[in-house]
Protein chains: 4
Amino acid sequence: MTEFFKNVSKVQFEGTTSNNPLAFRHYDPERVILGKTMKEHLRFAACYWHNFRWPGSDVFGEGTFEHAWLTAGNEMEMAKVKADAAFEFFSKLNVPYYCFHDTDVAPEGSNLKEYVNNFAQMIDILERKQDETGLKLLWGTANAFSNARYMNGAATNPNPEVFAYAATQIFNAMNATQRLGGENYVLWGGREGYETLLNTDLRQEREQLGRLMQMVVEHKHKIGFKGAILIEPKPQEPTKHQYDYDTATVYGFLKQFGLENEIKVNIEANHATLAGHSFHHEVATATSLGLFGSIDANRGDAQLGWDTDQFPNSVEENSLVMYEILKAGGFTTGGFNFDARVRRPSVDLEDLFHGHIGGMDVMALSLERAAAMIENDVLGQHVAKRYAGWNSELGKNIINGDLSLASLADHALTNDIQPKPVSGKQERLENIVTGFLYK
Amino acid sequence: MTEFFKNVSKVQFEGTTSNNPLAFRHYDPERVILGKTMKEHLRFAACYWHNFRWPGSDVFGEGTFEHAWLTAGNEMEMAKVKADAAFEFFSKLNVPYYCFHDTDVAPEGSNLKEYVNNFAQMIDILERKQDETGLKLLWGTANAFSNARYMNGAATNPNPEVFAYAATQIFNAMNATQRLGGENYVLWGGREGYETLLNTDLRQEREQLGRLMQMVVEHKHKIGFKGAILIEPKPQEPTKHQYDYDTATVYGFLKQFGLENEIKVNIEANHATLAGHSFHHEVATATSLGLFGSIDANRGDAQLGWDTDQFPNSVEENSLVMYEILKAGGFTTGGFNFDARVRRPSVDLEDLFHGHIGGMDVMALSLERAAAMIENDVLGQHVAKRYAGWNSELGKNIINGDLSLASLADHALTNDIQPKPVSGKQERLENIVTGFLYK
Amino acid sequence: MTEFFKNVSKVQFEGTTSNNPLAFRHYDPERVILGKTMKEHLRFAACYWHNFRWPGSDVFGEGTFEHAWLTAGNEMEMAKVKADAAFEFFSKLNVPYYCFHDTDVAPEGSNLKEYVNNFAQMIDILERKQDETGLKLLWGTANAFSNARYMNGAATNPNPEVFAYAATQIFNAMNATQRLGGENYVLWGGREGYETLLNTDLRQEREQLGRLMQMVVEHKHKIGFKGAILIEPKPQEPTKHQYDYDTATVYGFLKQFGLENEIKVNIEANHATLAGHSFHHEVATATSLGLFGSIDANRGDAQLGWDTDQFPNSVEENSLVMYEILKAGGFTTGGFNFDARVRRPSVDLEDLFHGHIGGMDVMALSLERAAAMIENDVLGQHVAKRYAGWNSELGKNIINGDLSLASLADHALTNDIQPKPVSGKQERLENIVTGFLYK
Amino acid sequence: MTEFFKNVSKVQFEGTTSNNPLAFRHYDPERVILGKTMKEHLRFAACYWHNFRWPGSDVFGEGTFEHAWLTAGNEMEMAKVKADAAFEFFSKLNVPYYCFHDTDVAPEGSNLKEYVNNFAQMIDILERKQDETGLKLLWGTANAFSNARYMNGAATNPNPEVFAYAATQIFNAMNATQRLGGENYVLWGGREGYETLLNTDLRQEREQLGRLMQMVVEHKHKIGFKGAILIEPKPQEPTKHQYDYDTATVYGFLKQFGLENEIKVNIEANHATLAGHSFHHEVATATSLGLFGSIDANRGDAQLGWDTDQFPNSVEENSLVMYEILKAGGFTTGGFNFDARVRRPSVDLEDLFHGHIGGMDVMALSLERAAAMIENDVLGQHVAKRYAGWNSELGKNIINGDLSLASLADHALTNDIQPKPVSGKQERLENIVTGFLYK
């Protein structure tokens, strides 16, 4: 079998004294933190699409990569070459998991029958490769956004046949995920939205999408899939407006269709910022609503209004994200999937490793810093103390519903309450965080 | 009684041939469109705060206005002067409605007792003035964001006494609204959010806010208030992040606390754009979710990231908004309140009229254009035809739940479906809209 | 010869009573306004790239168009087919001008020799087609951004051979533009910027770009090209930051290299808004700096952070732009080129016409409204009166340099000046504009 | 004399093992790095306005601070109290420098004569306090934006008397800065811009502003001021658009008026991000143009569209900024002035210290990290190697002007050049930076 990454051997932890650019400086898979290994905490996955399907193109330019697996040729043959390259990469990268869309791993074919056959063949191959390498599937998904048929939506298409086509892909991708032992199944609605309100029936499209989600949940139970179903919020791009805008919007959607206990969110850093939120906000919102599922680890560019999908490189940002995740008990089925890609001019094969190694080290550092925040708990104690008044009689009576607006107003007036402003201590808390980050 | 606007008489419709800058060119209150007068459709309100409380200051500069009602002096005396000026203005402006916060019309006093007394006195005066002028109250509200005590939140404050203080204001403001025949009661949570996640318990604050909303709804029913309770979404400013971010977020919040049939939204144009949505989007989302209540009519500046609260001046934008409102049956209790202010350098008394007259003419033009779109219905027919497939057997079976993912996939495969992309006709539809706007 | 747009005949003015979607309602080429025909004022051009090269793809999806000229095949043969389709389209659209990049019209080939030969053959064909149809070239340009070789910049590439490659294309494209009677030559530096400051020498890249601009100007004079050289500002996309950020930035660049009298700007609406400016601002800035050249007519989406290149559809926005252009004397060599494309789901051949017809009608309406503002001149008079004080002795002495800071301070103190705030009348002026827009 | 900060003694370096929240953990003033002490490198200043003039108000709320120096009373008396408090604070904070606006330190009075007298008295006091404490003035400036007279601009006002008033303030503030040994004089044009283009003559206003700048430079030379004149770019807020938008815009402005060797820029982090740039970008642009002067150290909020003026707390961001400054030779007259304020709910006196201590530690850490990048120089070497081709014969001939477009095209064609894409190594370089930041 061809070796694609000849100059790279399996990436190992070498510590901060190493000068080897193809080693981890901070990610030490077996190092124990808060009772679990780094590997167990972080549950890293690399993805098929950015690394093995994207040719280095952008809206204004052709592909720049000359990687062997991108060569033109017989589609099924190339799918196998791609699988060889992908598993070599995942293995050498030393991640425990990978992720894929159905159409990343198998050619779509010219009709559904071909799609089903191609996909089935490739799932056999992936299964064998998982056995050989020990790699596991973090999640599978179906691509219901790239093909021209989805240009007006998949589940939200005005044509129910398009819904049916998407449903067929999802059916096959869910079954494949189940068979490959995938720990989650993800739904990203890149085309589930509108280009213009002038041709759109919002209520109708919402019903269609809600019904699809219900079908997915029903199918999960029918086949006994033990993993989580995850929606990945994104506000726009490619579509002008997407219905899964952000975590709070997804929550309302799930409540409307009675799915809030069945579906969780897969939060992507760059989607959070496109939606006008910090990544930290989206994760904290999800944990506070009981919706937290998994993470697409990447970063955007604060000056650019599109999904740049860069590798995470901020320990400052990710330590706070990691802190929220640890506070909420850590990942269960989820993990950190690098939905990130090297820049278009990063044409060397090694660049794929540099991007991921950097991201893994940044997340490992963030885990370590966040764990210190959990252990020391000065932040947690500050928050608990701040809200202590809600454990008083007044606080409890308000929350418990024992007081009406009238009786509470009466209480306030009778007691002539004069609540004093109390400092929020934001600057002091920020300094405490800096103290955890930089020793 | 002092006359404040000596150079202005009651503003009248004079049509497009008039050169009088203090006349309406398009807003003809008694003109009938789609079976109702313009006045009945538009239900215009002017507000107390921007016109009679704001001194023309901004973050970098002192007040610029030298209006008589802004002179320093005995607070209750000045509140009466302000009421005189306000009702003269509202009357001369020829709007049927006005809106206020409790602390716009009466001094806060140094404790709750003074607050209650001051407010009660001023409500007597407002009631008399309503009788004298025929003006009506579109909505009342309580200001639970300006006083220092609310700097860390009102309902979401870590101190339950602050919750109680806010509840007391809301209790009084709801009762006053009821007494003055107000048609809605509005809740805007300017400080209901966080400055930093480091000191915030999102789940706790959400519970507090939910409880307040429930109290408000319970009180409404208790006092037999027939108007609507409205939440006004805003994503941020003054607070870094506000829980009532946008309509979709408010929907999820209402569902969580079982209030989706009790509370609607008051949508502000400039809040929509700050949240990353078009004004049209927010209105269409609200009508599709059954949440549409009222409008704070204004506009933002596409290049500025704060609430500029300018007067609406785009017929292009507002015709589409008006179209959604008409499609949804028009306002019931709501209306167009000008939550808009003249620019800081607009120091002439007449400028207050120019701003409102411009806004009213723009909304009247928008109503006229939107009515034509409703009557002609080419847009509606296009949308109906576009989704016609969902009335087919396949479409119905999907929505009705008769098909599982498996049976739908089986259908698709068996029938070898090959749905063809159908043009969304966006450019053609946009041209049709332009055709309605410009004759 | 194949007819590509069989259902479309040459688009004609039919007025607002027409129901023909393939007719102009407002653009009446021979109608005279302010002493010139609409055709002479507006100088419309359609472009090659969006209409004949783009397949309807986006970052997340494949091409959706099945247009005959996009079929795979022999590259030179397809270039000829494309030219046939393009000239049929331009002619039927009834625009006087078109625009192209070198690589739109001819295949790049596998080396410079092939490039030069292919391009020369196609220029012969274009010349013949211009003769046959009467179409003229508004501007030509070279594509130095799509090929992988330009991924790190063209003129600003770290490798001078890439500079040389780009220079060769520009040399050929300038000569072709000259030969085809093009009225301008445009430079858009899509890759002239940086992806990361970590690998970038800003001073060096600026020098390289400056030298290229000088070469272009020298070559223009050498070959006696009478048209204008235009830089098209854009802040980012595809590159993270582009050196031609906006008009003010281009001005500084031109001053640095002594080119401010040699090069003007080609302003694109969507680039203006991506740079954080209104389109109106960019045009007004350019005219005030004497840099105004031409316009890429389109629009962005206020909620999206990338170049959506939609067709202009706001008369409100474009009337103000047109007003600035008319105030500055109208176009000389420039014109309105539609750098706009139909949405990806607009797959019908007619959609190409709908987009352009809508854009042309909007610009014609804008011209008509702006001409009324010029004729009436109430806005101009207001501005003149506002600054009248600068014609006073004090004003003149300040500007003329007769007063030092010390002598001016002495004057102010001696005279105890107390300048009174004067209303900016923004609301009144906005109402006046609305009065011009809507009758 | 009253002691205002009784619980705080002079802040000292105690290192990372200290638990004292009122000590420096990283800023060790006398520690030598790259041959200079931290104090000499960083040249910290605290400001008068945010700490001693701002009452904790925002657009939606009243002041929250109950600090003694904010008490109402006789204006000159309170100015003296404020000076006492300010110098106690600056001294205890252990910063070597401070900064002020004329109207921060002295009451404006009701006319220019009073202004001049009040200001003169307070300058006497400041001079004495500088002597007593050893504090130095980093820069002085005049506030020509808060008073109502400046609502339509200061130098760019339509009324030349307003220009004269501003000039008088600047005259006095420059003289005071000179007398107090200030090392720079700053001009920030908060109102030098427009609210609406409808009432604005861009060319005229630009001329006015250019003349003011020339007057300032002439006065500098006349009085022998040895410090630097600095313009502080900001894109908007309070004004809709400001002429000093960003560094590149200021460069063009300076070139237009022949001032590029006389004036430099004072870059503020939050102004950079409001202008759509990274802070790093603005500093790198300024050093590459020879315009770098000083820094207003703070940070914005990536989700908020206004100047939040928070304290810097990102070592990741500021290490790169510091790296640019060190590469350019470090500060000469400039320094890091904290144009930053505590959050409105940070009402404790100690919060003023927490904010600054955090900011100083972050900048000290950033200096240390950046110094390591300079010493190791792997980044610098990478850049040098990347552009090495420009030292080849071809590179030199292009830059030197020895090649025309024609001769260069001929060279390219003759040599059949085929430049190969070379990886930009962005991911690898980012990993290297992370390696410097986290040990």
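Visitor: I'm looking at Glu268(A). Is that side chain position buried or exposed?
Guide: Glu268(A) is buried, because 28 other C-beta atoms lie within 10 Å. Keep in mind that this is a predicted model.

Visitor: Which element does Glu268(A) belong to?
Guide: Glu268(A) is in strand β10 of chain A, which covers residues 263–268.

Visitor: And what is Glu268(A) in contact with, leaving aside its neighbours within four places in sequence?
Guide: With those set aside, Glu268(A) has contacts to Glu232(A), Asp296(A), Asn298(A) and Asp339(A).

Visitor: Which residues does UniProt list under "binding site" along with Glu268(A)?
Guide: One such feature, from an unreviewed UniProt entry, is placed at Glu232(A), Glu268(A), Asp296(A) and Asp339(A). These residues are spread over 108 residues of sequence, yet they cluster in space, with a largest C-alpha distance of 11.8 Å.

Visitor: OK, Asp339(A) then. Where is it found?
Guide: Asp339(A) is in a loop of chain A, between β12 (336–338) and α12 (349–376).

Visitor: Buried or exposed, that Asp339(A)?
Guide: Asp339(A) counts as buried, because it has 24 C-beta neighbours inside 10 Å. Leaving out neighbours within four places in sequence, its contacts are Cys47(A), Glu268(A), Asp296(A), Asn298(A) and Asp309(A).

Visitor: I also see a "binding site" annotation with His271(A) in it. Which residues does that one cover?
Guide: That UniProt annotation, again from an unreviewed entry, covers Glu268(A), His271(A), Asp307(A) and Asp309(A). Here the residues are spread over 42 residues of sequence and cluster in space, the largest C-alpha distance being 10.1 Å.

Visitor: Where is the place of His271(A)?
Guide: His271(A) is in helix α9 of chain A, residues 269–274. His271(A) counts as buried, since 30 C-beta neighbours are inside 10 Å. Leaving aside neighbours within four places in sequence, His271(A) is in contact with Pro233(A) and Lys234(A).

Visitor: Let's switch to chain B. How many strands close into a barrel?
Guide: Eight strands do, in the order β3-β4-β5-β6-β8-β10-β11-β12, and the pairing is parallel. From one strand to the next, the twist averages 30°.

Visitor: How many bridges join β4 to β5 there?
Guide: Five bridges join β4 (residues 97–101) to β5 (residues 136–141) of chain B, and the two strands run parallel.

Visitor: What does His101(B) stand opposite?
Guide: His101(B) stands opposite Thr141(B) in β5(B).

Visitor: What about chain C, from Glu237(C) to Pro238(C)?
Guide: The peptide bond from Glu237(C) to Pro238(C) is cis, and omega is near 5°. Pro238(C) is found in the loop between β8 (228–231) and β9 (241–242) of chain C.

Visitor: Is the phi of Glu237(C) positive or negative?
Guide: Glu237(C) has a positive phi of about 75°, although it is not a glycine. Glu237(C) is in the loop between β8 and β9 of chain C. Glu237(C) is buried, because 21 other C-beta atoms are within 10 Å.

Visitor: And Asn94(A), what is its phi?
Guide: Asn94(A) has a positive phi of about 70°, and it is not a glycine. Asn94(A) is in the loop between α3 (75–93) and β4 (97–101) of chain A. Asn94(A) is partly exposed, because it has 19 other C-beta atoms within 10 Å.

Visitor: Last thing. How many residues from chain C and chain A does the contact take?
Guide: The contact takes 25 residues from chain C and 25 residues from chain A. The side of chain C that touches chain A has nine nonpolar, nine polar and seven charged residues.

Terms used:
Residues are numbered from 1 along each chain as its sequence is written. Chains are lettered from A and ligands numbered from 1 in the order in which they are written. This is a predicted model: local features need pLDDT of at least 70, side-chain atom pairs count only at pLDDT 80 or more; totals for chains, interfaces and linings use all residues. Two residues are in contact if their C-beta atoms, placed from the backbone, lie within 7 Å. Ala, Val, Leu, Ile, Met, Phe, Trp, Tyr, Cys and Pro count as nonpolar, Asp, Glu, Lys and Arg as charged, and the others, Gly among them, as polar. UniProt positions are given in the numbering used here, feature names are shortened, and annotations may be inferred rather than shown by experiment. Helices (H or I, at least four residues) and strands (E, at least two) are DSSP runs, numbered from the N terminus. A residue is buried if 20 or more other C-beta atoms lie within 10 Å of its own, exposed if 12 or fewer, and partly exposed in between; C-beta atoms are placed from the backbone. Two strands pair if DSSP finds at least two bridges between them. Axes are lines fitted to C-alpha atoms, for helices over the stretch in contact, and angles run from 0 to 180 degrees between N-to-C directions.
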